[in-house]
Amino acid sequence: MFSGLAVWAFFLLSGFLITGALNSRYRFGRTDLFEFSVNRALRIFPTYWLSLFLAFISIWMFGHLVDPRSINSALGIPDSGLEWISTVFILGGTFLGLGRLETSLSPSSWAVDVEILMYAASMLWLSRTWKGAKLTLLICAGAFPFLYLTSKLLVRNGYPELAGSLTYSFLPVALIPYALGACIWHLRDKFKKPERPHTHLLIASVGFLLCGSLLSRWSVTASFLVALPLLAYITWLLSLNKAKGAGVRIDAFFGHMAYPVYLLHWIGNHVALALGVMWGGAASVVLAIPDEKNGLLQTTVAGFALVVLVTLLISAVIAWCFESPIDARRRKWSSQLSTTFFGEGKSQQKENHT
């Protein structure tokens, strides 16, 4: 349950940050949007392709010890050309958030696919103005009850997976948290800062945890909808704290870790359980136990701790040795490409404008 809430939190935070970047650093001109697109591509694809390589190595080396499909039913080496194309280029693995690849080296890449579509929406209309963000939020929120009722009919007719996607990852639904994040950015200066922001942040965070742990037992949909305003408030509170000095570097490092953690948590799971088999031969007892309902391995507390450790270690190495060097250069590269295609970079455009 928390994994689904975390994805919606990611969408909301992304809507906030992307709207801020487009309105502050970029100005929606042709050259600006080109640079933004190149920046996003350099942010998404190099680390994603590295994650595919690591997934392939993990399955090749440890697949005989732990079946990757016992961890995630879609985790594996693609069998067809179409699966390879969708796996490598992300787009096409899902249709507007509906459906998933049957086999992929990155089962979680569907959210990145949806995220790319959200970037397009941001550039076209969503992030440009407060009215665009508000209208998107109202339209998508208004459509949600109809999609919810449709999902109930799909469940009754034997399509539970499609029903789940319709009220969770379908683009009009996924745009609800994303557009809310965009609205929060546009209205960020209109809210009064609380006297004790850290106390408010703690209370909102506890409420979010309760949504995932308690409210979800009664209604998954209710837990997601109630969590949204809490996530919006948390995002706004976090934006009030401006890091300085070493804090900026620490924030940047953990920011670079977030994407690898998301992409590699299934591989971290696979590697951790394989190490357990190699060391003790009892991963199924100490680290994971089979779940008879879905036929997958469910990690124990010890197994979860090892998975988190392995995933964080791999992600930290990638953040330090791969993400940070690329991040330090991608703005320069995008500006150079802009100059190549349009004859002048954004900095030159600003000089001409002034």
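Cys183 is in no disulfide. The nearest cysteine sulfur to Cys183 is that of Cys140, 11 Å away. A disulfide is a covalent bond between the sulfur atoms of two cysteines. Cys183 is buried, with a relative accessible area of 5%. Here buried means under 20% relative accessible area, exposed means over 50%, and partly exposed lies in between (1.4 Å probe, protein chains only). Cys321, in contrast, counts as exposed, at 52% relative accessibility.

The model is predicted, and local features need pLDDT of at least 70, side-chain atom pairs count only at pLDDT 80 or more, and totals for chains, interfaces and linings use all residues. Residues are numbered from 1 along each chain as its sequence is written, and side-chain values use heavy atoms, with hydrogens and water left out.

Three salt bridges are present in the structure. The term denotes a side-chain nitrogen of Lys or Arg within 4 Å of a carboxyl oxygen of Asp or Glu.

One of the salt bridges joins Glu323 to Arg43, with the closest N and O atoms 2.9 Å apart. Glu323 belongs to helix H12 (residues 301-342), and Arg43 to helix H2 (residues 30-62), so the pair ties together parts that are 280 residues apart in sequence. Helices (H or I, at least four residues) are DSSP runs, numbered from the N terminus. Both partners are buried: Glu323 has a relative accessible area of 5%, and Arg43 stands at 18%.

Asp327 is partly exposed, with a relative accessible area of 26%. Arg330 is buried, with a value of 11%.

Asp189 and Arg188 also meet through their side chains in a salt bridge. The N to O distance is 3.9 Å. Asp189 is exposed, at 64% relative accessible area. Arg188 is partly exposed, at 26%.

Technical notes: Helices (H or I, at least four residues) and strands (E, at least two) are DSSP runs, numbered from the N terminus. A disulfide is a pair of cysteine sulfur atoms within 2.5 Å.
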